[in-house]
Amino acid sequence: MKKANITPIYKKGSRSEAGNYRPVSLTSVVCKLLESIIRDQILGYLNQTVLTNAQHGFVQGKSCLTNLLEVLEHWTSSMDEGYGVDVIYLNYRKAFDTVPHQRLLAKLKMIGISGDLIS
């Protein structure tokens with residue numbers, strides 16, 4: 001279950017540059033099923049302990065659009081009440097391309113996920 005076939009999927013740009021491909025892991029159906037069960041358990045735990053209603057990314061029924069609509073409502077209300085609104089946009093597009101696994105495991109342990117699941 002720790003082995004997978006990695007297939008490069010072309011994104012955009014020059015086909016001769018490796019950075020223009022996204023690696024996709026092709027694993028067994030059993031592995032995908034277990035990943036899905038583990039994901040559901042972790043998300044259930046996180047929804048009860050860590051995540052708030054302000055979380056929009058990676059939450060079922062929420063998206064970048066729902067986040068934008070909520071914040072737009074907040075900005076509009078603030079402006080109607082006479083407050084100024086300053087906005088800074090950050091692009092995290094490449095931020096999640098690589099994840100330092102040891103740091104991720106440490107953070108999961110800090111929020112109470114441990115044992116066989118971490119192993």
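Aspartate 40 comes out as partly exposed, with 42% relative accessible area (buried is under 20%, exposed over 50% and partly exposed in between, using a 1.4 Å probe and protein chains only). Keep in mind that this is a predicted model, where local features need pLDDT of at least 70, side-chain atom pairs count only at pLDDT 80 or more, and totals for chains, interfaces and linings use all residues. Residues are numbered from 1 along each chain as its sequence is written, and side-chain values use heavy atoms, leaving out hydrogens and water.

Now for the charged pairs. Side chains of opposite charge can pair when their charged atoms come close. The structure has two salt bridges, each meaning a side-chain nitrogen of Lys or Arg within 4 Å of a carboxyl oxygen of Asp or Glu.

| Salt bridge | N to O distance |
|---|---|
| Aspartate 40 and arginine 39 | 2.9 Å |
| Glutamate 35 and lysine 32 | 3.9 Å |

Arginine 39 is partly exposed at 46% relative accessible area. Glutamate 35, at 39%, is partly exposed too, and lysine 32 is partly exposed at 40%. Glutamate 35 and lysine 32 sit three residues apart in helix 1 (residues 29-49), so about one helical turn separates them. Helices here are DSSP runs of H or I with at least four residues, strands are E runs of at least two, and both are numbered from the N terminus.

On to the strands. Strand 1 (residues 5-10) lies largely in the open, because zero of its six residues are buried. Strand 1 runs antiparallel to strand 2 (residues 21-26), with six bridges joining them; pairing takes at least two DSSP bridges between two strands. Within this pair, isoleucine 9 sits opposite arginine 22 of strand 2.
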